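Visitor: I have a structure open and would like to talk it through. Could we begin with the ligand and move on from there?

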Amino acid sequence: MLIAGATVLTVAGAPRGARAQETPVIDERAVLIVVDVQNDFCPGGNLAVPRGDEVVPVINALAKRFSNIVLTQDWHPAGHSSFASSHPGKKPFETVEMPYGRQVLWPDHCIQGSKGAEFRADLDVSSAQAIIRKGYRREVDSYSGFVEADRKTPTGLTGYLRERGILRAVIVGLATDFCVSWTAQDASAAGFETYVVEDACRAIDLEGSLEKAWAEMAENDVTRIRVSDLPG
Ligand code: VGL
Ligand code: ZN
């Protein structure tokens, strides 16, 4: 039998994710990565994901079953280059070409220190051990919790998880088609056996972005599961 994760850790810069089982084993080598469950991505927030708040009770229940939990937090300076307001004449959800590629422009959101950037007050993940903040450089966005949008600058999360002996990542949160998808694909590329729990996520869904994200995740060895697929 192939113990995929164990092999991966010996391969420097492993190019692909470990072959996933149908469902993840939840043990001390698994991590729950909770992506961007922040006020601005929930109803009433500046970049509200439809029904984004519904993930909270689902994640609270899941979190009780993981001994390792990491949170990501979108954390932009005022005037961030991903904000439409930083590009005269541009409106939210239009795109611009940045040196690193096409960037969707968003309403101002998750500004460092603001109420909108705080985690949802009802998110109960008090046992989480690390918070990875991302998107804090004015000129570069970061949907992924692992690598910024320039596709070069690491956040440090890969090293953190490897050093802690983590082999598999179970990913939940907001938004399925942006930060969850990019985080999951990068987790897989870093060699972690990677799962996304679809009913613990909600999507923005801009012009087919959700369908495209699932297709890309599948191509990159990310396994799509539901809460009910997880071992009891
Ligand atoms: C996100 C757009 C901009 C996300 C973050 O968390 O999916 N989306 N910043
Ligand atoms: Zn953002």
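**Around the ligand**

Guide: In this predicted model, ligand 1 is surrounded by Asp 36, Phe 41, Asp 74, Trp 106, Tyr 143, Leu 174, Ala 175, Phe 178 and Cys 179.

Visitor: How many of the residues in that shell are nonpolar, polar or charged?

Guide: Seven are nonpolar and two are charged, while no polar residue belongs to the shell around ligand 1.

Visitor: What is the peptide bond from Leu 174 to Ala 175 like, cis or trans?

Guide: That bond is cis, and its omega is near -15°. In general, most peptide bonds are trans. Ala 175 is in the loop between β6 and α4, and both Leu 174 and Ala 175 are among the residues surrounding ligand 1.

Visitor: How do β6 and β7 run, parallel or antiparallel?

Guide: They run parallel, joined by six bridges. Within this pairing, Ala 169 stands opposite Thr 194 in β7.

Visitor: Why is β7 described as largely enclosed?

Guide: Because eight of its ten residues are buried, β7 is largely enclosed by the rest of the structure.

Visitor: New topic: where does Gly 145 lie?

Guide: Gly 145 is in the loop between β5 (130-134) and α3. It counts as buried because it has 31 C-beta neighbours inside 10 Å, where 20 or more are required.

Visitor: Which residues does Gly 145 touch?

Guide: Beyond residues up to four places away in sequence, Gly 145 touches Ile 33, Val 35, Thr 72, Ile 132, Lys 134, Thr 155, Leu 157 and Thr 183.

Visitor: What about phi at Phe 93 and Glu 207?

Guide: Both residues have a positive phi, near 80° for Phe 93 and near 45° for Glu 207. Most residues other than glycine have a negative phi.

Visitor: Where are these two residues?

Guide: Phe 93 lies in the loop between β2 and β3 (95-98), whereas Glu 207 lies in the loop between β7 and α5. Phe 93 counts as partly exposed because it has 13 C-beta neighbours inside 10 Å. Glu 207 has 9 other C-beta atoms within 10 Å, so it is exposed.

Visitor: Lastly, which residues does UniProt list for the domain?

Guide: An unreviewed UniProt entry lists residues 31-219 as "domain: Isochorismatase-like". Over residues 31-219 the chain is 22% helix and 22% strand, with the end C-alpha atoms 22 Å apart.

Note on methods: Residues numbered from 1 in each chain as written. Chains lettered and ligands numbered in written order. Predicted model: local features only at pLDDT ≥ 70, side-chain atom pairs only at ≥ 80, totals over all residues. UniProt positions renumbered as here; feature names shortened; annotations may be inferred. Helix = DSSP H or I, 4+ residues; strand = E, 2+ residues; numbered from the N terminus. Near = placed C-beta within 6 Å. Nonpolar A, V, L, I, M, F, W, Y, C, P; charged D, E, K, R; others polar. Buried ≥ 20, exposed ≤ 12 C-beta atoms within 10 Å, placed from the backbone. Pairing = 2+ DSSP bridges. Contact = placed C-beta atoms within 7 Å.
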